[in-house]
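User: I would like to learn how to read a protein model one feature at a time. Please begin with a single residue and then widen the view.

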Amino acid sequence: MAYYAVINEQNIVIEVNTGVDETVTQDDNGTSVGGSTEAWEQFYTTQLANLNLYVKRTSYNAATTGYRGCYAGIGYTFNAALGVDGEFVAPIIEP
């Protein structure tokens with residue numbers, strides 16, 4: 001099972017959804033997608049393009065694998081300049 005963060009124009013995560021694993025090569029309707037993280041990110045982004053949103057994969061295993069820094073949550077920021085694939089950054093919460 002894979003998870004995908006939906007990100008707005010300000011690079012803020014507005015929701016996180018369950019999606020298909022990157023090894024899957026077709027959507028539920030039989031449309032060929034590709035079978036990679038990038039292909040699924042593009043597929044989901046295309047679905048939301050008219051809303052000026054984009055999608056990036058996130059992982060519960062990020063803490064151990066280093067993948068995109070951490071698991072994304074609502075309110076996190078996606079920073080494409082960090083890391084190889086960009087990173088999610090937790091919001092700063094003032095006491």
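Analyst: Let us begin with contacts, where contact means heavy atoms within 4.5 Å. Setting aside neighbours within four places in sequence, Arg68 is in contact with Glu41, Lys56, Arg57, Phe78, Asp85, Gly86, Glu87 and Phe88. This is a predicted model, in which local features need pLDDT of at least 70 and side-chain atom pairs count only at pLDDT 80 or more, while totals for chains, interfaces and linings use all residues. Residues are numbered from 1 along each chain as its sequence is written, and side-chain values use heavy atoms, with hydrogens and water left out.

User: Where does Arg68 lie in the chain?

Analyst: Such a question is answered with secondary structure: helices (H or I, at least four residues) and strands (E, at least two) are DSSP runs, numbered from the N terminus. Arg68 is placed in the loop between helix H2 (62-65) and strand S4 (77-79).

User: Which side chain makes a polar contact with that of Arg68?

Analyst: A polar contact is a pair of N or O atoms within 3.5 Å; within protein, one must be able to donate a hydrogen and the other to accept it, and residues adjacent in sequence count only if both atoms are side-chain atoms. Here the side chains of Arg68 and Glu41 are joined by a polar contact of 2.6 Å.

User: What may be said about Cys70 and Ser59?

Analyst: Cys70 is also found in a loop, the one between H2 and S4. With a relative accessibility of 22%, Cys70 counts as partly exposed. Beyond residues up to four places away in sequence, Cys70 touches Thr58, Ser59, Ala62, Tyr76 and Phe88. Ser59 lies in the loop between strand S3 (54-58) and H2, and Ser59 is buried, its relative accessible area being 12%. A polar atom of the Ser59 side chain lies 3.0 Å from the backbone nitrogen of Asn61.

User: How does one read a pair of residues that are separated in sequence?

Analyst: Cys70 and Ala90 are 20 residues apart along the chain, and their C-alpha atoms are separated by 8.2 Å. Gly19 and Tyr3 are 16 residues apart in sequence, with 5.5 Å from C-alpha to C-alpha. Gly19 lies in strand S2 (residues 13-19) and is buried, at a relative accessible area of 16%. Thr23, in the loop between S2 and H1, is exposed, with a relative accessible area of 62%. The C-alpha atoms of Thr23 and Ser36 are 6.0 Å apart, although 13 residues separate the two along the chain.

User: Which residues form the largest nonpolar core?

Analyst: A nonpolar core is a set of buried Ala, Val, Leu, Ile, Met, Phe, Trp, Tyr and Cys residues joined through side-chain atoms within 4.5 Å. The largest one has nine residues, namely Ala2, Tyr4, Val6, Val33, Ala39, Trp40, Phe43, Leu53 and Val55. Strand S1 (2-7) and helix H1 (37-48) each supply at least two residues of this core. A second, separate core has six residues, including Ala5, Val13, Ala72 and Phe78.

User: What pattern does the protein chain follow along its sequence?

Analyst: The chain has two helices and five strands, in the order β-β-α-β-α-β-β. The radius of gyration is taken over C-alpha atoms, and the globule rule is 2.2 Å times the number of residues to the power 0.38. The protein chain has a radius of gyration of 13 Å, close to the 12 Å that the rule gives for 95 residues, so it is as compact as a globular protein of that length. Of those 95 residues, 31% count as buried.

User: In which element is confidence lowest?

Analyst: The general idea is pLDDT, the predictor's confidence in each residue, from 0 to 100. The mean pLDDT of the protein chain is 88, and 96% of its residues reach 70 or more. Confidence is lowest in H2, at a mean of 70, and highest in S4, at 95.

Definitions and conventions
Buried < 20%, exposed > 50% of the residue type's maximum accessible area, 1.4 Å probe, protein only.
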